[in-house]
Each structure stands twice: as C-alpha cells, then as structure tokens.
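Hi everyone, thanks for coming.

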Number of protein chains: 2
Amino acid sequence: MNPGAKERNGKEWVKKAAIGRAAATLFDKKGYLETSLKDISEAAKLSKGCIYYYFSNKHEILYFILDVYMDHLLEGLEDELKRKTDSHSKIEFIMRRHLSLYNNKIPEAMAILTGANNLPYEYYRSIAFKQKKYSQLLADVLSEYFDGEIKMNKAKAISYIVFGMCNSIMHWHDPEGPITLEELSGICFSLFIGGIRQIKTGQGLNM
Amino acid sequence: MNPGAKERNGKEWVKKAAIGRAAATLFDKKGYLETSLKDISEAAKLSKGCIYYYFSNKHEILYFILDVYMDHLLEGLEDELKRKTDSHSKIEFIMRRHLSLYNNKIPEAMAILTGANNLPYEYYRSIAFKQKKYSQLLADVLSEYFDGEIKMNKAKAISYIVFGMCNSIMHWHDPEGPITLEELSGICFSLFIGGIRQIKTGQGLNM
C-alpha cells in the first residue's frame with residue numbers, strides 16, 4: 001500500500017477512475033461485501049486481468065475511491081477560505097461546497113459514509129486522517145466565529161455535527177422529490193448559522 | 001412474517017430480547033452480513049435449535065431488533081407531547097428523548113442506522129412506516145412552531161435533518177472522550193432551536 005501515491009497521468013488515471021466509479025456505484029447499490037471483482041469488471045467493461053493490473057484486491061479499490069473523494073473535498077479549500085474575509089461567509093462557503101461536491105459524486109460520498117469501516121486498519125487510518133484534517137478546517141473557522149471563546153473540543157464537536165447534518169441528507173434525499181438539494185442546502189445553512197448566532201449571543205451553551 | 005405480533009409475555013420475550021441484544025451487538029461490531037447464526041448462538045449462550053425456535057432466519061432477528069427499537073421510540077411519545085403546552089418545549093423534549101433513548105440502546109440504534117437496508121422489502125417497509133410516523137410527530141410540532149406558515153414537505157425535511165444531526169453523533173461519539181452525550185445533546189438542541197428561531201423571525205428561508 002502506498003497512500004497518496006496516485007498517478008493522475010493520462011490513460012492510467014482515466015482507467016483507474018473508471019474502475020472506481022463502477023465499483024462505487026455497485027457498493028452503493030449492492031453493498032461492499034456483496035460486490036465481487038467479477039461484478040466490477042462487468043460493470044466497468046474491463047477484464048479481471050486489467051483490474052488486477054491496477055488494484056491487488058477489492059479493498060484497494062475502495063481505498064482509491066475514498067482517498068480520491070477526500071482529496072476532492074480538501075483540494076484548494078484552505079486557499080479558498082483564505083480569500084474570504086469573515087467567518088460567516090467561510091462557514092457558508094464550506095457548507096454549500098460540501099453539499100454541492102456530494103451532489104456530483106453520490107456513490108463515492110455514500111462509500112465514505114457507509115464503507116470506510118470495511119477497510120483494513122492501515123488504509124482506514126489514512127482516510128480518517130484526511131477526514132480529521134477536513135473537519136479541523138471548519139473547527140478553526142468556528143473558533144474564529146466565536147472569537148476564540150470556544151474550547152477546541154466543542155468547536156470540533158460542532159464541526160462533526162454540521163457535517164453529520166449535511167451528510168444525513170444523502171441517506172434520504174430523492175432527486176426526483178419535491179425539494180431540491182439546493183433548497184436543502186439552504187435549510188441546513190440557515191439552521192446552522194441561526195443556531196451558532198444564538199449560541200454566540202449568549203442564549204446558548206456555556207462554551 | 002407478522003409485523004406487530006410481539007408477545008411480551010414473560011420467559012419467551014426475555015429470551016427473544018436476549019437473542020436480539022446479542023445479535024445487535026455483533027451486527028454493530030462485525031457487520032450484519034459477516035455475522036452468522038452460529039456467532040449469535042455463541043454470544044447469546046443458546047443452542048442454534050433454541051434460536052430457530054424463536055426466529056426462522058437472521059433477517060427475522062434483525063427485523064425484531066429494529067421493530068422493538070422503533071416501538072421504543074414511539075411508545076407514549078404522542079401522549080407525552082400532548083401534555084406539553086408549547087411547541088418549543090415539545091421540540092426540546094423530542095430531541096433530548098431521542099438522544100437519551102439512543103444512549104441506552106447503542107447497538108440497536110446503530111442497527112437502525114446501518115442495517116435496515118439489509119431487510120427484505122416487506123420487513124423494511126414495516127420499519128420505514130414506523131420511522132415515517134416518528135418523524136411526522138416532529139414535523140407536526142414544527143408546523144405548530146411556525147404557526148402553520150411552513151409547507152409540510154419542508155417541515156418533514158427539517159425533521160429528517162434534525163434526526164440526521166442527532167443520529168450522526170452515534171457514528172463518532174466516544175463515551176470515554178472529553179464531551180458527554182448530555183453536552184452534545186445540549187449543543188444539538190441549542191443549534192437547532194437557534195436555527196429555527198432565526199428562520200421564524202424572517203431572516204431565514206422563504207418557507
């Protein structure tokens with residue numbers, strides 16, 4: 001295993017990404033344990049030999065999917081946050097971006113939510129490290145929002161809660177249903193920003 | 001299958017509950033698909049024959065666990081809500097109760113979150129029906145909170161979001177960690193009540 005060593009060079013990357021996409025769709029539909037390499041090779045329209053050329057086994061494919069998704073969440077986020085001047089717009093940016101990235105990558109996002117615990121520990125740890133880094137970015141913005149008047153473990157807890165709130169939508173949102181993801185994203189943002197404003201103005205908790 | 005036909009009479013019920021508890025713990029630890037009836041019989045310290053006396057197969061055990069948990073969530077809730085006079089305290093009551101019931105039944109609650117889709121459709125539908133009834137109770141309270149000035153599909157969406165927010169805690173909360181479940185429950189409540197207050201006072205969404 002070599003976490004982080006992803007060669008995004010042309011053909012090879014395209015093929016790995018195609019295998020990852022086919023596998024993520026199957027994991028979402030049938031479950032990780034129920035999906036075989038044969039299923040993946042059929043869905044990706046590639047021979048099993050070709051799949052083995054890129055991945056030694058099924059959990060390497062799962063790791064690839066999750067690792068690419070986490071990189072996708074992290075990519076450029078710090079720089080974009082630096083360009084925003086106030087913590088309120090940073091929070092809005094993080095939440096809307098989180099939900100819109102999910103919208104483009106539903107099977108991969110579902111794999112993050114439901115599949116990470118299928119990974120062997122070494123691989124899991126590498127994904128968990130990126131997840132922590134991601135929620136730390138929101139925790140830092142929250143600390144800024146509260147002018148440093150919040151303990152870091154509470155800021156972290158709130159960042160987990162807000163991502164949990166956003167992620168839970170993936171379990172029930174129906175793209176054909178009466179409410180768009182854009183509207184839900186607006187509801188989540190209004191709830192959260194209203195909630196922390198209330199806490200900040202002193203009617204909330206002892207932080 | 002006979003949903004709802006649970007005989008809570010003495011010995012038989014105690015034995016079924018013991019099997020359910022052992023199975024829920026294994027499903028949480030090893031995953032539903034990876035757990036065999038042999039594992040359950042060993043953990044429950046009962047013969048496989050004894051387990052087959054009460055359940056025909058593994059998904060009947062999963063159904064039993066989820067059905068009992070949903071009954072546990074629903075039991076007496078409507079009556080208790082009737083006794084509260086304002087929607088604010090009804091919301092607080094629902095959220096705190098939801099988190100405290102989870103605290104007593106962690107493996108069963110995890111089974112609801114991660115296992116329901118392992119059920120055959122007929123069983124799944126019966127659980128989903130109870131879940132809908134449960135979140136409708138919160139949606140009705142929200143409609144009351146907004147003096148009826150909210151579309152029911154938005155009230156339902158908000159009720160899913162708030163349960164999603166509470167449930168997500170189960171995935172990461174460490175009972176040995178620095179923040180107690182009671183504190184997290186307080187944070188969730190403050191965030192949510194602050195959020196809907198903000199929406200109600202007109203700085204939120206067009207409902």
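Predicted model: local features only at pLDDT ≥ 70, side-chain atom pairs only at ≥ 80, totals over all residues.

As for labels, residues are numbered from 1 along each chain as its sequence is written, while chains are lettered from A and ligands numbered from 1 in the order in which they are written.

Let's start with chain A. What does its secondary structure come to? We have 10 helices and 0 strands, where helices (H or I, at least four residues) and strands (E, at least two) are DSSP runs, numbered from the N terminus. Reading along the sequence, the pattern is α-α-α-α-α-α-α-α-α-α. The C-alpha trace of chain A spans about 60 × 40 × 30 Å along its principal axes. Chain A has 207 residues, and 35% of them count as buried. A residue is buried if 20 or more other C-beta atoms lie within 10 Å of its own, exposed if 12 or fewer, and partly exposed in between, with C-beta atoms placed from the backbone.

How about contacts along the chain? Two residues are in contact if their C-beta atoms, placed from the backbone, lie within 7 Å. Among contacts in chain A with a separation of 6 or more, 68% are between residues 24 or more positions apart.

Now to the helix pairs. In chain A, helix α1 (residues 10-30) and helix α4 (residues 58-74) pack at an angle of about 100 degrees, with their axes 9 Å apart. That makes α1(A) roughly perpendicular to α4(A). Here, axes are lines fitted to C-alpha atoms, for helices over the stretch in contact, and angles run from 0 to 180 degrees between N-to-C directions. Angles under 35 degrees count as roughly parallel, over 145 as roughly antiparallel, 65 to 115 as roughly perpendicular and the rest as oblique.

Which residues do the meeting? From α1(A) come K16(A), I19(A), G20(A), A23(A) and A24(A), and they meet I61(A), F64(A), I65(A) and V68(A) in α4(A). By class, this contact of α1(A) with α4(A) has 7 nonpolar, 1 polar and 1 charged residues. The classes work like this: Ala, Val, Leu, Ile, Met, Phe, Trp, Tyr, Cys and Pro count as nonpolar, Asp, Glu, Lys and Arg as charged, and the others, Gly among them, as polar.

Is I51(A) buried or exposed? It counts as buried, with 24 C-beta neighbours inside 10 Å. Leaving out residues up to four places away in sequence, I51(A) touches I19(A), L37(A), I40(A), S41(A) and L46(A). I51(A) and A23(A) are 28 residues apart in sequence, and 11 Å apart in space, C-alpha to C-alpha.

Over in chain B, helix α8 (residues 121-145) and helix α9 (residues 152-172) have axes that come within 8 Å and cross at roughly 120 degrees. That makes α8(B) oblique to α9(B). Residues S135(B), L138(B), A139(B), L142(B) and S143(B) in α8(B) meet a group in α9(B) including M152(B), A155(B) and F163(B). This contact of α8(B) with α9(B) divides into 9 nonpolar, 3 polar and 1 charged residues.

In the loop between α8 and α9 of chain B sits D147(B). D147(B) has a positive phi of about 50 degrees, although it is not a glycine. Most residues other than glycine have a negative phi. D147(B) is exposed, with 9 other C-beta atoms within 10 Å.

Finally, how do the chains meet? The contact takes 32 residues from chain A and 31 residues from chain B. On the chain A side, α9 (152-172) and α10 (181-203) are the elements that give two or more residues, and α10(A) gives the most, with 13 residues. That side of chain A divides into 18 nonpolar, 12 polar and 2 charged residues.

A rotation of 180 degrees with 0.0 Å of shift along its axis superposes chain A on chain B (RMSD 0.0 Å). The two copies are thus related as by a two-fold rotation axis. Copies are superposed by least squares on the C-alpha atoms of residues with pLDDT of at least 70 in both. And 97% of the interface residues of chain A are also interface residues in chain B, so the copies meet through the same surface.
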